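Student: Can you take me through this one? I'd like the overall layout, then a few details.

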Amino acid sequence: MQEEVDNVKGKEDWRAEYMTMMEIERERYREGLEKGIEQGINQGIYQGEAKMLINLNREYGMDNESILQSLQDKLGISLEQATRYLKEYGGGDNTYEKIFRRI
C-alpha cells in the first residue's frame, strides 16, 4: 500500500514541476512577443523618419550623398542602413548606384 501512495505522490510532484515549467515557458513567450512588438514599432518609427528626411532633403535639392549623411547623422544609423532606406524610399534619379558600389 505504501508503494502505491509513494507512486501517486511521485506523479503529483511531476505534475507540479511540469506545470511550473509550462508557466515559465508561457512567460518567456509573452516577453518575446512584447519585445518583438516593441522592435517592430521602433523599426516603423525609423522607417517613417527616414522617409520624411529623404523627402525633405529632396525638396531642398540635396544630392544622394548629402541625404545619406543626413540619415546617418539624424538617425544614428550606418551607411549601409542609410543606403537601404534611400534605395527603398527615394532613390530618385538612380545616381545613388555609384554610392552603392562603394559599399
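**Layout and details**

Tutor: The secondary structure comes to 4 helices and 0 strands, where helices (H or I, at least four residues) and strands (E, at least two) are DSSP runs numbered from the N terminus. This is a predicted model, in which local features need pLDDT of at least 70, side-chain atom pairs count only at pLDDT 80 or more, and totals for chains, interfaces and linings use all residues. Residues are numbered from 1 along each chain as its sequence is written, and side-chain values use heavy atoms, with hydrogens and water left out.

Student: What pattern does the chain follow along the sequence?

Tutor: The pattern is α-α-α-α.

Student: How much of the chain counts as buried?

Tutor: Of its 103 residues, 19% count as buried. Buried means under 20% relative accessible area, exposed over 50%, and partly exposed in between (1.4 Å probe, protein chains only).

Student: Back to the helices. At what angle do the axes of α2 and α3 cross?

Tutor: Roughly 120°, with the axes of α2 (residues 64-75) and α3 (residues 79-90) coming within 9 Å. Axes are lines fitted to C-alpha atoms, for helices over the stretch in contact, and angles run from 0 to 180 degrees between N-to-C directions. The two helices are therefore oblique to each other; angles under 35 degrees count as roughly parallel, over 145 as roughly antiparallel, 65 to 115 as roughly perpendicular and the rest as oblique.

Student: Which residues make the contact?

Tutor: From α2 there are N64, I67, L68, L71, Q72 and L75, and from α3 there are L79, A82, T83, Y85 and L86. Contact means heavy atoms within 4.5 Å.

Student: What does N57 touch?

Tutor: Leaving out residues up to four places away in sequence, N57 touches M62, I67 and S70.

Student: And Q69, where does that lie?

Tutor: Q69 lies in helix α2 and, at 40% relative accessibility, counts as partly exposed. Q69 and T83 are 14 residues apart in sequence and 9.8 Å apart in space, C-alpha to C-alpha.
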